[in-house]
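Here's a quick briefing to read alongside the model. Have the sequence and the viewer open, and follow along topic by topic.

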Amino acid sequence: MNLTLLPSAKLAPQFNVPSELPSTYYSSHLLLGQERVVDSFKLMTKLTHQHLFLADFPGVDRPLFINALCSQADTPSDQFLVAVKNTDDPQAIKFKWQPQRPSENVGVIAKQTSLFTYLHGSIRRHDLIGKMQKTDKSSQYVAGALASNHYVFICLQSIWKREGLWELLLQVLADGQYRINQELAPIPVNCKIILVGSAFSFSHLKGEDRLFNQHFPLLAEMSYELDLTKHTETQYSQWLATLANTQGITLEPSSLLPLMWFSARQVEHQQRLTLSMVDMRNLMAQANALAANLTTSAINSSHVAKAIHQLKVRHNSSELYSAQNFDDKFINLPTEGAMVGQINGLTVIDSNDYAYGEPARITTSVHYGDGEVADIERKSELGGNIHTKGMMILSACLYRIFGRDAPLHLNANIVFEQSYQEIDGDSASLAEYCCLMSAIAEQPIVQSLAVTGALDQFGNVQAIGGVNEKIEGFFNLCSRRGLTGNQGVIIPKANVLQLNLEPEVISAVTEGKFTIHAIEHMDQAVELLMAIPAGEANDDNDFPAETLYGMVQQRLDRLAGQDEEVELTFLAKCLAKLRII
């Protein structure tokens with residue numbers, strides 16, 4: 001039994017989907033997984049002079065989330081801005097906020113009756129602090145956001161771009177008051193400011209802006225994914241149903257499983273689900289449109305599945321052109337037979353809106369030299385820094401095993417064939433190592449298996465990115481050519497929790513037409529690819545001759561000239577016969 005083979009049950013997340021959907025919807029349900037944000041917000045409401053920075057991410061519907069967040073706060077009492085005499089100067093007046101509604105003969109300058117507002121886009125000075133509106137007989141103060149709301153949420157990018165407005169906001173917080181003009185008394189600040197931006201912006205401002213650091217010490221960083229080891233699928237179903245309800249969409253229970261599958265695929269983890277409101281809402285809206293075409297009032301699993309399929313079709317034109325190049329044999333990549341110094345690696349093409357896997361042919365040639373493992377991608381300036389790092393680690397593995405006591409007398413050239421753009425990442429280092437071993441030992445690698453994985457200096461196989469796309473990319477190629485049962489992929493065992501494969505791949509694995517091997521060490525990979533034991537070194541650091549590493553060691557010895565027989569002279573033969581030498 002091959003212990004590296006993965007069963008089909010591990011190729012996708014297993015969800016405990018509730019049989020019924022909730023019948024009630026509250027905005028607070030949209031705060032699922034955002035406990036630290038809620039806690040930070042509540043703490044801010046209890047502090048006098050400390051304001052909050054809300055760090056979100058692009059998938060958040062800000063108005064929806066802000067409304068849900070404010071629903072968790074204790075509703076403050078209405079405040080009224082009134083004019084009173086200044087005790088220091090009886091001839092002057094000042095403004096103060098009071099919770100009691102003043103008597104009819106006392107004028108109210110402004111009313112703080114609204115719970116919150118969100119300022120974004122083109123923000124102007126009077127949007128913040130208000131303005132004086134002149135009439136024929138008098139002037140009247142028109143309150144801005146600071147004098148009308150208890151909580152003022154401001155988009156950081158909208159105000160940061162306007163330097164004068166940004167400085168005004170910080171100065172208002174520093175002074176604790178603001179002036180509309182010189183004729184009007186200063187108006188005390190009586191609200192909480194919540195800046196909304198990215199976590200990166202918070203880190204930058206905290207290190208660069210003294211006033212920001214003083215007035216915005218509280219950070220509320222939103223979670224972009226839900227951990228199912230801490231929450232349940234039922235809670236996430238409530239989140240989905242509430243999000244759908246905000247758009248007037250009704251879900252059927254059968255729609256939950258494909259929605260969760262799509263959600264897990266977004267975050268590349270079997271035990272986590274995305275909290276991106278925008279992505280999930282858009283998908284549900286598209287499924288709802290398909291349901292409307294079928295004159296149904298709710299969306300079910302087939303509607304969601306069709307929406308996911310159409311989403312892929314709208315973005316996969318590059319993948320189709322790539323597949324056509326393989327089918328037309330413009331790109332040479334065999335998936336049958338065995339070859340020396342050639343292996344099928346797995347790469348992923350990511351264009352932000354869509355990612356897909358593309359197999360790559362990696363070849364290696366070796367010859368006598370000074371021990372350099374040359375990266376042709378690097379020399380041709382097509383290799384990125386991380387790829388170069390992976391090649392250096394590969395060289396370290398080689399020297400750790402075979403070059404402990406003496407330098408290696410070989411040079412190796414490794415290249416991605418038919419690649420015409422920059423290659424980066426260290427996920428090909430396992431494939432490159434196996435290809436190098438094949439070239440040195442002159443042992444063929446089966447071409448029906450493709451490999452991905454990153455190495456450390458001790459030969460451990462580490463996790464890589466885009467594992468689902470990489471597997472599906474090689475599977476699709478093999479499927480178009482015809483599945484034989486011998487084809488498959490080798491991936492790091494550390495990536496198993498990220499598997500969320502298409503149903504076609506899972507069916508092929510179940511039927512024994514395609515295999516997925518999960519490994520922890522590079523020796524497991526070479527044994528699968530070359531059907532030869534890797535070998536274990538003895539106390540003298542020698543490997544058995546019939547093992548792969550034994551063959552590599554013998555080839556390296558030949559390159560170093562250590563196994564050449566020297567012709568003895570007549571005198572030397574006599575001395576040898578007499579056992580003197």
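Strand 21 (residues 449-451) and strand 24 pair up parallel to each other, with three bridges between them. Strands here are DSSP E runs of at least two residues and helices are H or I runs of at least four, all numbered from the N terminus; two strands pair if DSSP finds at least two bridges between them. Bear in mind that this is a predicted model, where local features need pLDDT of at least 70, side-chain atom pairs count only at pLDDT 80 or more, and totals for chains, interfaces and linings use all residues. Residues are numbered from 1 along each chain as its sequence is written, and side-chain values use heavy atoms, with hydrogens and water left out.

**Around strand 24**

- Val451 has Ile490 of strand 24 as its bridge partner.
- Strand 24 also runs parallel to strand 25 (residues 515-519), joined to it by five bridges, and Ile491 sits opposite Ala518 of strand 25.
- To get from strand 24 to strand 25, the chain passes through helix 18 (residues 503-510) in a right-handed β-α-β crossover; right-handed means that, with the strands pointing away from the viewer, the path from the first strand over the helix to the second runs clockwise.
- Strand 24 (residues 488-492) is largely enclosed by the rest of the structure, because five of its five residues are buried (buried is under 20% relative accessible area, exposed over 50%, partly exposed in between, with a 1.4 Å probe and protein chains only).

**The annotated pair**

- An unreviewed UniProt entry puts its "active site" annotation on Ser427 and Lys470. They're spread over 44 residues of sequence but cluster in space, with a largest C-alpha distance of 10.8 Å.
- UniProt positions are given in the numbering used here, feature names are shortened, and annotations may be inferred rather than shown by experiment.
- Ser427 is in the loop between strand 19 (410-416) and helix 16 (429-441), and its 15% relative accessibility makes it buried.
- Lys470 belongs to helix 17 (residues 467-481) and is buried too, at 3% relative accessibility.
- Beyond four places in sequence, the contacts of Ser427 (heavy atoms within 4.5 Å) include Leu346, Thr452 and Lys470.
- The side chains of Lys470 and Thr452 make a polar contact of 3.4 Å.

**Over at Arg124**

- Arg124 is in the loop between strand 5 (114-119) and helix 3 (125-129), and counts as partly exposed at 44% relative accessibility.
- Not counting residues up to four places away, Arg124 touches Arg162 and Leu165.

Conventions: A polar contact is a pair of N or O atoms within 3.5 Å; within protein, one must be able to donate a hydrogen and the other to accept it, and residues adjacent in sequence count only if both atoms are side-chain atoms.
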